[in-house]
Amino acid sequence: MLQKFRILAFLEGISFLIILFITMPLKYVFENPMPNKIIGMAHGFLFLGYIVFTILLKAELKWPNKQTAIILLCSIIPFGTFWADKKYLKS
């Protein structure tokens, strides 16, 4: 399950960066909101999956509350999921 979470975290992080650095400029600078809608929807599902997997892994791997909170916070910080993977998820 941890390996699947690592893949999900990577995809969530990539989708967040695509939104920040590609689709948001397209939306606000070039007035093209469609890519933001499509990637935003995918990112939303990945984000929800990240949250659910974190909660499930907390119970399965008996993560402390502090570690769980940090991993959850990493999902809202650019490049955070990559740092969380390196710091907490690699076995």
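This is a predicted model: local features need pLDDT of at least 70, side-chain atom pairs count only at pLDDT 80 or more; totals for chains, interfaces and linings use all residues.
**Asparagine 36**

Asparagine 36 belongs to helix H2. I then looked up what asparagine 36 touches, setting aside residues up to four places away in sequence. The list is Ile19, Thr23, Met24 and Lys27.

**The chain as a whole**

I stepped back to the protein chain and found four helices and zero strands. Along the sequence the pattern reads α-α-α-α. The C-alpha trace spans about 45 × 20 × 20 Å along its principal axes. Of the 91 residues in the chain, 31% are buried. I also looked at contacts with a separation of 6 or more, and 63% of them are between residues 24 or more positions apart.

**Other positions in H2**

I went back to helix H2 for isoleucine 38, which has its place there. Isoleucine 38 counts as exposed, because its relative accessibility is 53% and the cut-off for exposed is over 50%. I took the distance from isoleucine 38 to threonine 23, which is 15 residues away along the chain. Their C-alpha atoms are separated by 9.4 Å.

Histidine 43 is also in helix H2. With a relative accessibility of 13%, histidine 43 counts as buried. Which residues does histidine 43 touch, not counting those up to four places away in sequence? I noted Glu12, Ser15, Phe16 and Ile19. For Phe16 I looked up the spacing as well: histidine 43 and phenylalanine 16 are 27 residues apart along the chain, and their C-alpha atoms are separated by 6.6 Å.

**H1 against H4**

Next I looked at how helix H1, residues 2–28, packs with helix H4, residues 80–89. Their axes are 8 Å apart and the angle is about 155°. The two helices are therefore roughly antiparallel to each other. By class, the contact of H1 with H4 has eight nonpolar, two polar and three charged residues. On the H1 side I listed Leu2, Phe5, Arg6, Ala9, Phe10, Glu12, Gly13, Ile14 and Leu17. On the H4 side the residues are Thr81, Phe82, Asp85 and Leu89.

I picked out arginine 6, which lies in helix H1. Apart from residues up to four places away in sequence, arginine 6 touches Asp85, Leu89 and Lys90. What joins the side chains of arginine 6 and aspartate 85? I found a polar contact of 2.5 Å between them. I also noted that arginine 6 and threonine 81 are 75 residues apart in sequence and 8.9 Å apart in space, C-alpha to C-alpha.

Alanine 9 was the next residue I checked. Leaving aside neighbours within four places in sequence, alanine 9 is in contact with Tyr50 and Thr81.

**The largest nonpolar core**

Alanine 9 and Tyr50 turned up again when I looked up the largest nonpolar core. That core has eleven residues: Phe5, Leu8, Ala9, Leu46, Tyr50, Leu57, Trp63, Ile71, Cys74, Ala84 and Leu89. H1, helix H2 (34–61) and H4 each supply at least two residues of this core. As background, nonpolar side chains tend to be buried together in soluble globular proteins.

**Threonine 68**

I turned to helix H3, residues 65–73, where threonine 68 is found. Threonine 68 counts as buried, because its relative accessibility is 6%. Not counting residues up to four places away in sequence, threonine 68 touches Thr54, Lys58 and Trp63. Trp63 is one of the residues of the largest nonpolar core.

Last, I looked at backbone angles. Most residues other than glycine have a negative phi. I noted two residues with a positive value.

Glutamate 31 has a positive phi of about 50° although it is not a glycine. Where is glutamate 31? I found glutamate 31 in the loop between H1 and H2. Its relative accessible area is 70%, so glutamate 31 is exposed.

Phenylalanine 79 is not a glycine either, and has a positive phi of about 70°. Phenylalanine 79 is in the loop between H3 and H4. At 49% relative accessibility, phenylalanine 79 counts as partly exposed.

Notes. Residues are numbered from 1 along each chain as its sequence is written. Side-chain values use heavy atoms; hydrogens and water are left out. Axes are lines fitted to C-alpha atoms, for helices over the stretch in contact, and angles run from 0 to 180 degrees between N-to-C directions. Angles under 35 degrees count as roughly parallel, over 145 as roughly antiparallel, 65 to 115 as roughly perpendicular and the rest as oblique. Contact means heavy atoms within 4.5 Å. Ala, Val, Leu, Ile, Met, Phe, Trp, Tyr, Cys and Pro count as nonpolar, Asp, Glu, Lys and Arg as charged, and the others, Gly among them, as polar. A nonpolar core is a set of buried Ala, Val, Leu, Ile, Met, Phe, Trp, Tyr and Cys residues joined through side-chain atoms within 4.5 Å. Buried means under 20% relative accessible area, exposed over 50%, partly exposed in between (1.4 Å probe, protein chains only). A polar contact is a pair of N or O atoms within 3.5 Å; within protein, one must be able to donate a hydrogen and the other to accept it, and residues adjacent in sequence count only if both atoms are side-chain atoms.
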